[in-house]
Amino acid sequence: MSAIQSVTATLGLFLPLIITSIIVVAILWLAHIVLIRRHRSEGNEKLFPRQLAMLILTVIGIVAIALSLPVSDSTRNQILGLIGLVISGVFAFSSSTIFSNIMAGTMLRVTMPFRTGDFIQTGEFFGRVVERGLLDTEIQTENRELVSLPNTFLVQNPICVTHSSGCIVSSTLSLGYDVHHAKIETLLLKAAKDSELTDPFVQILELGNYAITYKISGMLTDVKSLLTARSRLRSQVLDALHNEGVEIVSPAFMNQRKLADDGKVLPTRQVKAGQPQQTAAEDVVFDKAEEAAEREDNKEQLLNKIGACEAALENADKKHKAKIENQLKVLQQQLEMINQQGSE
């Protein structure tokens, strides 16, 4: 009889621990299914908040189990202190730079100042965003180089983002006082229109001792062709001014050649029809960034279709249920293929 009482007392002593452990395991298992397993096809970028939530739930579960241990209060406090020490040790042994980059990456995911495929300018770096990672952000520069910027650098420095809705393309040049500004403004506006920019405008930036500084700007709606648009604007400015006999040289220009009093330094007019077709700079420079942007757009469209199929599946009858399930399976396979392409 005493043995039975001893076993009963022991079970009663460990009963809170057993119940707490079962509840914690069940909650973590359900959380893993809801947060991770059902969204595994979404990729690491969208899984990060769910993984972070899963980590927090795991820590809370460990603390709950520690609180239910059948030990004295002093021992329980020592165990909790040990858990805190282990967690602190993880951060202590990890580099402070790594931890700060993780925090900066988390903040960038929350604030969303830019997305994959956007043009950004930060410090001396300019390019298109290829990938937004937990520790760094990768951009592709004008030289087709892949540059990894630490997330702390992006948080600590201003970021200029070119949105898909459009941006301003501009070019500056200095001309002498011998040509009236009204003529220059007309020619610059014509150059901007010929370069397919909308809503062009001219600014006089500076009245220098020897020259006037002009700036021609216009709206570019197709931001993917940003590099080509900049080059095309400068080319049209050259053509517009040279065709009207306006010299684009410094007023202090000196040349040892003998020229007539009314001689002007102008290139020979060329017919552009015979020039070879050039490849767009963006097709060569930002190929990886363009692929990443298209991949993100396709992924978003597939996720919307998958959500619509899942909603339709709940209300579908037996006749249409199999068809919707097959369609859902195909969409999930396509999404998995896109995620595999992004991880290569």
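Where is Glu-196 found? Glu-196 is found in the loop between α6 (181-194) and β7 (198-207); helices (H or I, at least four residues) and strands (E, at least two) are DSSP runs, numbered from the N terminus. The exercises below continue from this residue.

The model is predicted, so local features need pLDDT of at least 70 and side-chain atom pairs count only at pLDDT 80 or more, while totals for chains, interfaces and linings use all residues. Residues are numbered from 1 along each chain as its sequence is written, and side-chain values use heavy atoms, with hydrogens and water left out.

**Exercise 1. Describe phi and accessibility for Glu-196 and Asp-199.**

Step 1. Most residues other than glycine have a negative phi. Glu-196 has a positive phi, near 65 degrees.

Step 2. Asp-199, in strand β7, also has a positive value, near 50 degrees.

Step 3. Buried means under 20% relative accessible area, exposed over 50%, and partly exposed in between (1.4 Å probe, protein chains only). Glu-196 has 61% relative accessibility and therefore counts as exposed. Asp-199, with a relative accessible area of 61%, is exposed.

**Exercise 2. Classify the aromatic pairs of the structure.**

Step 1. A pair of aromatic rings is described by the distance of the centres and the angle of the planes. Rings of Phe, Tyr and Trp (its six-membered ring) pair if their centres lie within 6.5 Å; planes under 30 degrees apart count as stacked, over 60 as edge-to-face and the rest as tilted.

Step 2. The structure holds 2 aromatic pairs. Phe-119 and Phe-126 are stacked, because their ring centres are 5.8 Å apart and their planes stand at 15 degrees. Both of these residues, Phe-119 and Phe-126, are buried.

Step 3. Phe-125 and Phe-153 form an edge-to-face pair, with 5.9 Å from centre to centre and 80 degrees between the planes. This pair links distant parts of the chain, 28 residues apart: Phe-125 belongs to strand β2 (residues 125-132) and Phe-153 to helix α5 (residues 151-156).

Step 4. Phe-125 is partly exposed at 26% relative accessibility, and Phe-153 is partly exposed at 25%.

**Exercise 3. Describe the lining of the largest cavity.**

Step 1. On a 1 Å grid over the protein atoms alone, a cavity is a set of points where a 1.4 Å probe fits but cannot get out, and lining residues have an atom within 4 Å of a point.

Step 2. The lining consists of Gly-105, Leu-108, Arg-109, Arg-132, Gly-133, Thr-137 and Asn-151. Helix α4 (residues 96-111) gives the most to this lining, with 3 residues.

Technical notes: On a 1 Å grid over the protein atoms alone, a cavity is a set of points where a 1.4 Å probe fits but cannot get out, and a pocket is an open set with protein on both sides within 12 Å along at least five of seven lines; lining residues have an atom within 4 Å of a point.
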